[in-house]
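The following note is meant for a colleague who is opening this structure for the first time. It takes the form of numbered points, beginning with a question.

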Amino acid sequence: MNYFITQFATAEHAPKADLFQSLGIDWKLLALQTVAFLLLLVILRKWVYPPLVAMLDKRDADMQASAKAAKDARDAADAAEVKTEEMLKKARKEAAQIVASARDEAAELVDAAHKKAADKADALVKSAQDEIAKEVESAKKALHNETLELVTSATGTILRKKVDAKTDEALISQAIKEAR
Amino acid sequence: MAGRVSRRKLAEYAAEQLAQNNSAVMDEIAALLVSEKRGRDGDLIVADIERDLAERGIIVATVESAHALSDETRQELTQLLQSELNPEATVMLRELVRPELIGGVKVTTANGVLDVTIAKKLTDLRAKTI
């Protein structure tokens, strides 16, 4: 490689040596380096840069896709958070309604129970009063009948002792007069 | 064997005999009732006889009292029965003494009953139980 480069440089550019030598530039070497650079450039452009650029492009695309996915995920999370908040709000509202409704129902049940107890107590009192009235009536009847029996027995006993033949005769005479 | 004589015919026969002062007819009637096993008809036949006698002008009255009747009481009862049933009828009193009546009198005829005894009044009083 060095031999090839040296031979090419020595054969073509001998007349211009003074200008370039005064500037300290070896034009043969410069040409060779330029060719080498161009060759390198071609090689890079043909075999290195495309895959590299493709890789960079792919990486860029991946990064953009990731960023977009992240953004989408953030947006979805925000939307979900908003939806969750709305659902919670709705659930709290429904819970409050249920609690209020349950309180009302409980109050109604308590009132109904009070009323039922009061009605039952009234019915018991009335039943007891009716029972007492019946017993009083029954006692009155029993007393009436017992008194009647006592009076009848006592009357009979006394009259058996008091009504003699003479009294009886007067009684019969009076009865006959009344029968006419 | 002859058939049974009806109660009505027996009563008519007995009343006719009694009106003729034949008191033995009652023994005959009693014997007949016993032989025909009609003892339960006795009271009914007596009532029929009394009814027949009443139609013939003879009032038979059963008088129940706690004490024996005096003559004045008998007279008053006879007058009462004649005034109520038949002024020209002959009144025959069948007297029964029942001390449990306590006082008053009960007169039973074929036409009805007059009960003014003290026992009846006490019974009526007892009947007022509730």
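How do the residues of the lining of the largest cavity divide into nonpolar, polar and charged?

1. Lining of the largest cavity. The model under review is a predicted one. In answer to the opening question, the lining of the largest cavity comprises 6 nonpolar, 2 polar and 1 charged residues. The residues concerned are Glu50(B), Ala54(B), Ile58(B), Ile59(B), Val60(B), Leu85(B), Thr109(B), Ala110(B) and Asn111(B). Two or more lining residues come from each of H3 and S1 of chain B. Of the contributors, S1(B) gives the most, with 3 residues.

2. Number and volume of cavities. Rolling a probe the size of a water molecule over the atoms shows where empty space is left. The count for this model is 1 cavity of 30 Å³ or more. The space in the largest cavity amounts to about 40 Å³.

3. Overall make-up of chain B. Chain B contains 5 helices and 4 strands. Along the sequence these elements follow the pattern α-α-α-β-α-β-β-β-α. Chain B has 130 residues, of which 36% count as buried. Among the contacts in chain B with a separation of 6 or more, 65% are between residues 24 or more positions apart.

4. The sheet. The strands of chain B form an open sheet of 4 strands in the order S2-S1-S3-S4, and the pairing is mixed. The edge strands are S2 (90–97) and S4 (113–115) of chain B, each of which pairs on one side only. From one strand to the next, the twist averages 15 degrees.

5. Pairing within the sheet. S1(B) and S2(B) run in the parallel sense and are joined over 8 bridges; here Ile58(B) has Thr90(B) in S2(B) as its bridge partner. By contrast, strand S3 (residues 105–108) of chain B pairs with S4(B) in the antiparallel sense, over 3 bridges. In that pair, Thr108(B) stands opposite Val113(B) of S4(B).

6. Strand S1 of chain B. Is S1(B) mostly covered or mostly uncovered? S1(B) is mostly covered, since 8 of its 8 residues are buried. In a regular strand the side chains alternate between the two faces of the sheet.

7. Helix H3 of chain B. Helix H3 (residues 42–55) of chain B lies across strands S1 (58–65) and S2 of chain B, and runs at about 130 degrees to S1(B). H3(B) also takes part in the largest pocket, giving the most to its lining, with 4 residues.

8. The largest pocket. This pocket holds about 300 Å³ of space. Its lining consists of 15 residues, and those nearest its centre are Leu18(B), Leu53(B), Val60(B), Met92(B) and Arg94(B). Helix H1 (7–19), H3, S1 and S2 of chain B each supply at least two residues of this lining. By class, the lining has 10 nonpolar, 3 polar and 2 charged residues. Val60(B) deserves attention here, as a residue that lines the largest cavity and also lies among those nearest the centre of the largest pocket.

9. The second largest pocket. The volume of this pocket is about 200 Å³. Its lining includes Ala179(A) from chain A, together with residues of chain B, among them Leu77(B), Leu80(B), Leu81(B), Glu84(B), Val107(B), Gly112(B), Val113(B) and Leu114(B). Helix H4 (71–84) and S4 of chain B are the elements that give two or more residues to this lining, and the largest share, 4 residues, comes from H4(B). The lining divides into 8 nonpolar, 3 polar and 1 charged residues. Leu85(B), Thr109(B) and Asn111(B) belong to the lining of this pocket and to that of the largest cavity.

10. Gln17(B) is found in helix H1 of chain B. Why does Gln17(B) count as buried? The reason is its relative accessibility of 14%, given that buried means under 20%. Apart from neighbours within four places in sequence, Gln17(B) is in contact with Asn22(B) and Val25(B).

Note on methods. Residues are numbered from 1 along each chain as its sequence is written. Chains are lettered from A and ligands numbered from 1 in the order in which they are written. This is a predicted model: local features need pLDDT of at least 70, side-chain atom pairs count only at pLDDT 80 or more; totals for chains, interfaces and linings use all residues. Side-chain values use heavy atoms; hydrogens and water are left out. Two strands pair if DSSP finds at least two bridges between them. Axes are lines fitted to C-alpha atoms, for helices over the stretch in contact, and angles run from 0 to 180 degrees between N-to-C directions. Contact means heavy atoms within 4.5 Å. On a 1 Å grid over the protein atoms alone, a cavity is a set of points where a 1.4 Å probe fits but cannot get out, and a pocket is an open set with protein on both sides within 12 Å along at least five of seven lines; lining residues have an atom within 4 Å of a point. Grid points are joined across faces, edges and corners, and a volume is the space filled by probe spheres set on the points. Ala, Val, Leu, Ile, Met, Phe, Trp, Tyr, Cys and Pro count as nonpolar, Asp, Glu, Lys and Arg as charged, and the others, Gly among them, as polar. Buried means under 20% relative accessible area, exposed over 50%, partly exposed in between (1.4 Å probe, protein chains only).
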